[in-house]
Amino acid sequence: MNWGAQTHVQAEGIDPAGMVATALVVSDGKQKFALVDVDALLPSPMATAIERAAAATGIPANHIRLGVTHTHAGPFLNREKGPVGYDLTQFQEGFDRYWGITVDKIVGAIIEANSRLEPVHVGGAKGYGTINVNRRIRPASGNPPAVGRNPEGLVDRDLIVARIDKADGSPLAVLVNFQCHGTVMAWDNKVISPDWPGMMRRVVEQAFPGAHAMFFQGAAGNQGPIEGFTGDVGVAHRLGRILGHQAAAIAMQTDTVKRTPQFEGFVESTAFIAKQPWRVTGPRDGSLQFGTKVIEVPGREYTPAEIDKMRGRVRDAEAKAQQTKATGDKWAIHAADARLRRFQDLLTKWQAAKGAPVQVRAQILRIGEVAIVAMPGEPFAEIGQAIKKASPFPVTMFCGYSTGEGGDYMPIESEYDLEGYEVDRTPYGRKAAEKLVAEVIGMFAALK
């Protein structure tokens, strides 16, 4: 139940890319941290894994972060989605069991990772990914704003990769950070799938046999796939392969130790050749630093005029739904009912919004020269770009869709007047992004 346009209820298969949870535990001998990559839409149903894993391993709960790929093709029970009026209560018990089993697996993965610590070297690099595009279509020619492809809008194509090698130089893990919604698979899809991140990880793991690939979803609030909204899993696989090869290429060029070419004389050959082999000159920084902070940002509030405007949308949608029923066209009836439900849900949300401050938890974990910044919800790409640009560290990942206080879309101020899906539903006020960026940048100083 991930799509309002969805008319079916049950899936008919599972993507061979698989639905996985992967845990990484890092330690400097004094403190430990666990990072978990899960194929899911949102992390909230699995948050209980944190306290359980903390109790089982001794890793402090605020040192454990669950992040999700934000796939829209995974199991999820959402009464705002799917066939209008369909009673989903019959599936609640099954979903309670599903999330319970998933939490068990996540806790087990963290326990296992914690039991298998070994010396490693870490390096990171920044490259370029090509599978995303701005997804906020501007209102034009009488059409309202929409979600789709906006090639003229800002797109963040930073592809950040960190490689972790064992002491003998063999790869242990490759961490990939990119910003793109998991919305290749859409309302026609009947396959449980990790969307494009699943195949991306597979390609990276094929390039580094024996290593685990992990994906950290970035600031994807306004970033979508260049091709999406399909029921064809082949499209998700193709985009995943593209980014997987791009990420693998960056990882292959990343040194986890310090290496420089050393002049060691000349060789007489057909040409007079300088001997300049690359030699290891020492380890890279492997220290750990961590900071976390709950940031209070402005909440959303709507004027009486805005609420009246939404009431008008509800009335218009009600009239349209009634007119459409007379046509007997099942798809048109479903679309009209879904539109009415969307506006009714928004009216309820807007009426409840009183502008109260909202708390958002930001976390920064520095692993040597690589900083990983994380927050819950769906920040716009401009937020991630500003924080990465201001970072004092050589390589900085910015991740949304993580556990902690906060959630939902966080647009930048200039987008509010343009309205649209993400702006219509955000719980944050116009200055929220600006304050969050300033506060997170201020956290960097303590982590050097």
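## Arginine 259 and its partner

Arginine 259 is partly exposed at 32% relative accessibility, a class that lies between buried (under 20% relative accessible area) and exposed (over 50%), with a 1.4 Å probe and protein chains only. Its partner in a salt bridge is aspartate 255, with the closest N and O atoms 3.2 Å apart; a salt bridge requires a side-chain nitrogen of Lys or Arg within 4 Å of a carboxyl oxygen of Asp or Glu. Aspartate 255, at 24% relative accessibility, is likewise partly exposed.

The model is predicted: local features need pLDDT of at least 70, side-chain atom pairs count only at pLDDT 80 or more, and totals for chains, interfaces and linings use all residues. Residues are numbered from 1 along each chain as its sequence is written, and side-chain values use heavy atoms, without hydrogens and water.

## Other salt bridges

The whole structure holds 28 salt bridges. One of them joins aspartate 165 to arginine 163 at 2.9 Å, N to O. Aspartate 165 is buried, at 3% relative accessible area, and arginine 163 is also buried, at 13%.

Arginine 116 pairs with glutamate 112, the closest N and O atoms being 2.7 Å apart. Here arginine 116 is exposed, at 54%, while glutamate 112 is partly exposed, at 42%.

A pocket is an open set of points on a 1 Å grid over the protein atoms alone, where a 1.4 Å probe fits, with protein on both sides within 12 Å along at least five of seven lines; lining residues have an atom within 4 Å of a point. Of its 31 lining residues, Leu24, Val25, Arg116, Leu117 and Leu172 are the closest to the centre.

Elements giving two or more residues to this lining include strand E2 (21-27), helix H2 (92-115) and strand E9 (158-166); helices (at least four residues) and strands (at least two) are DSSP runs numbered from the N terminus. E2 supplies the largest share, seven residues. By type, the lining comprises 18 nonpolar residues (Ala, Val, Leu, Ile, Met, Phe, Trp, Tyr, Cys and Pro), six charged (Asp, Glu, Lys and Arg) and seven polar (the others, Gly among them).
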